[in-house]
Amino acid sequence: MAGGREAALETLTACRRLDAWSDNHLKTACRDLDRREAALASRLAYGVLQNRALLDFYLDACCTQAFDALEPFIRDVLRLGAYQILYMDRVPDSAAVDESVELVKRKKRQRASGLVNAVLRRLSREKERLPEIPGRDRAGYLALRYSHPEWLVRRLVELLGDGEAEEYLRLDNEAAPTVIQRNPLRCGADQLTASLTADQAALTPHSWLPDCWLLSGGGSLEAMPAFQKGWFQVQDAAARAAALAAGVKPGDRMLDVCAAPGGKSFAAAMLMEDRGEIVACDIHRHKLALMENGAERLGLACIRTELADGRETREEWLEGFDAVLCDVPCSGLGIIRKKPDIRYKDPAQLAGLPRVQSAILENAARYVKPGGTLLYATCTILTEENRGVTDAFLADHAAFHRESFALPGWVEENDGSLTLWPQRHGTDGFYICKMRKSWE
């Protein structure tokens, strides 16, 4: 019977062969598993992706041939076994070895079972005296130690300095906190916390966001009655901050240019007390259905979806919105802890992103009413995708200027631009820029 280890292997294979995203494929691979095996699959798949370079380094030291010369399937099996041996104290080494060998056999690769057995048994014997991590310099060491591409590590050291860059990398390899926001249109705070506590969930009030909690335990969120009744939504504090920065109020008309999966539109609708209108757009039709289902679950009637490309002008929308939100496509380097495989994407593909982001921002600005708000946001920390884009836009558009914004429970001042960091703020890596259009 397929279990968590096999689901994790299928996920790693899909990431490698199909360029699939691990989080999406895990949902499919774990569909028929019980909660325990599904949790094991997630831990293994994410653990290997988070530590792949370091695992490869240690496995290479235990192989009689170059690890990189092995068949990709065998490398993935060895990585899964090595992760259990080095990172999962509650899994006996013997079980990690035996299950890896059985995994190879179930996949009709019996000839490789001896190699897998020998390499993992050697790793188990020598795990207390593993070779020291090399590095040409500090950045090279950090890149291998935390399994991040060296180009990204060097950029982080430039932006943050050595010590803070390492803390950022360390957090990238840990589970992101689950943050939930209460839906004030559906329930009170006591009602929500009582329901979640009854489902064995542990709740901690968020340190600076009202009506938000850090949630752990309790099993599947989607199975909880409070979720099914639309009493809360899951949303990182950084995304919630972006919705707050937009400053929408009841009766406003807002356009969310790149809205899927809809979290910021939902948060804005709650701030608007479901009065006014939010037009939530995406370029993919199937994502519109996801947003419509989410709005229905939360009881939000003011949201309507539109199939639209943020770079193409809709004449009927010109100067028609009090607030326009542009959470543009980006490199996603601020959410590596949620999508660990982002670190393995080709950096050459990132070069054209500022051009796309600028085109969307340029077009979206046409939809802002005089006196209205234009909000630009990304889930990345690269300057060229963030302040570089907004600085260039403002230099060419005298009608817009940055406007500072306040966040509840927040003491850090801003000039209208703010970068949020996991090691500083406990959020995703995120950028927000609020701009106001003049009345003239």
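This is a predicted model: local features need pLDDT of at least 70, side-chain atom pairs count only at pLDDT 80 or more; totals for chains, interfaces and linings use all residues.
1. On the list are Leu255, Val257, Cys281, Ala308, Asp309, Gly310, Glu312, Trp317, Asn363 and Tyr367.

2. As for volume, the largest cavity comes to about 40 Å³. If you go through the whole structure looking for cavities of 30 Å³ or more, you get 1.

3. Now the nonpolar cores. The largest one has 60 residues, and the members that touch the most others in it are Leu156, Ile303 and Ile432. Helix α12 (residues 237–246) gives this core its largest share, 7 residues. Apart from it there's another core, with 46 residues, including Ala45, Met88, Val91 and Leu123.

4. Leu156 is worth a click. Skipping its neighbours within four places in sequence, Leu156 is in contact with Gly161, Ala165, Tyr168, Leu169, Ile381 and Trp421.

5. Leu156 also turns up among the buried residues of helix α8 (residues 150–160), along with Leu152, Val153 and Leu160. Why do they sit on the same side of α8? Because the arc they cover around the axis is only 100°. The elements covering these buried residues include α7 (138–145), α9 (162–172) and α17 (422–425).

How values were computed:
Residues are numbered from 1 along each chain as its sequence is written. Side-chain values use heavy atoms; hydrogens and water are left out. A nonpolar core is a set of buried Ala, Val, Leu, Ile, Met, Phe, Trp, Tyr and Cys residues joined through side-chain atoms within 4.5 Å. Buried means under 20% relative accessible area, exposed over 50%, partly exposed in between (1.4 Å probe, protein chains only). Helices (H or I, at least four residues) and strands (E, at least two) are DSSP runs, numbered from the N terminus. Contact means heavy atoms within 4.5 Å. The arc is that of the directions from the helix axis to the C-beta atoms. On a 1 Å grid over the protein atoms alone, a cavity is a set of points where a 1.4 Å probe fits but cannot get out, and a pocket is an open set with protein on both sides within 12 Å along at least five of seven lines; lining residues have an atom within 4 Å of a point. Grid points are joined across faces, edges and corners, and a volume is the space filled by probe spheres set on the points.
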